[in-house]
Amino acid sequence: MTRVKCPICKKPAEAKWLPFCSKRCADADLGHWLADDYAIPGEPAPADAFDPSAED
Ligand SMILES: [Zn+2]
């Protein structure tokens with residue numbers, strides 16, 4: 001028997017929701033992943049970072 005702790009709230013996990021203890025924590029983790037995904041934007045090209053005519 002393995003004893004798994006819910007990574008969200010550290011309570012003993014339920015087999016039904018492994019590795020979480022409840023649907024609530026499973027959803028919380030999913031939301032975290034989705035939020036992370038949305039937090040990664042396409043990095044905008046720094047057009048202003050390079051200006052070869054700045055000094056001559
Ligand atoms: Zn939990």
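**View 1. Cysteines without disulfides.** A search of the whole structure turns up zero disulfides, a disulfide being a pair of cysteine sulfur atoms within 2.5 Å. In general terms, a disulfide is a covalent bond between the sulfur atoms of two cysteines. A heads-up before you zoom in: this is a predicted model, where local features need pLDDT of at least 70, side-chain atom pairs count only at pLDDT 80 or more, and totals for chains, interfaces and linings use all residues. Numbering runs from 1 along each chain as its sequence is written, and side-chain values use heavy atoms, with hydrogens and water left out.

View 2. The SG atoms of Cys-6, Cys-9, Cys-21 and Cys-25 are the protein donors here, lying 2.3 Å from the zinc ion. Donors are N, O and S atoms within 2.8 Å of the metal (3.2 Å for Na, K and Ca); water is not among the atoms, so sites may look incomplete. The four donor atoms subtend angles of 99 to 118° around the zinc ion, so the arrangement is tetrahedral (for four donors, that label requires all angles to lie between 85 and 135 degrees). Written along the sequence, the donor spacing reads C-x2-C-x11-C-x3-C. Helices (H or I, at least four residues) and strands (E, at least two) are DSSP runs, numbered from the N terminus.

View 3. Is Cys-21 buried or exposed? Cys-21 is buried, with a relative accessible area of 14%; the cut-offs are under 20% for buried, over 50% for exposed and partly exposed in between (1.4 Å probe, protein chains only). Leaving out residues up to four places away in sequence, Cys-21 is in contact with Cys-6, Cys-9, Lys-11, Pro-12, Ala-13 and Glu-14, where contact means heavy atoms within 4.5 Å. Take Lys-11: it sits 10 residues from Cys-21 in sequence, with the two C-alpha atoms 6.4 Å apart in space.

**View 4. The largest nonpolar core.** Five residues make up this core: Cys-6, Phe-20, Cys-21, Cys-25 and Ala-26. The rule asks for buried Ala, Val, Leu, Ile, Met, Phe, Trp, Tyr and Cys residues joined through side-chain atoms within 4.5 Å. Cys-25, one of the members, has 7% relative accessibility and counts as buried. Cys-6 is buried too, as is Cys-21.

View 5. Lys-23 pairs with Asp-27, their closest N and O atoms being 2.8 Å apart. The count comes to one salt bridge, taking a side-chain nitrogen of Lys or Arg within 4 Å of a carboxyl oxygen of Asp or Glu. Lys-23 and Asp-27 are separated by about one helical turn because they are four residues apart in helix 1, which covers residues 23–38. Lys-23 is partly exposed at 45% relative accessible area, and Asp-27 is partly exposed at 39%.

View 6. Leu-18 and Pro-19 are joined by a cis peptide bond, with omega about 0°; Pro-19 belongs to the segment before helix 1. Lys-10 lies in the segment before helix 1 and has a positive phi, near 70°, in a residue other than glycine. Lys-10 is exposed, its relative accessible area being 55%.

How values were computed:
Four donors count as tetrahedral if all angles lie between 85 and 135 degrees; four count as square planar and six as octahedral if opposite donors are over 155 degrees apart and all others between 65 and 115; anything else is irregular.
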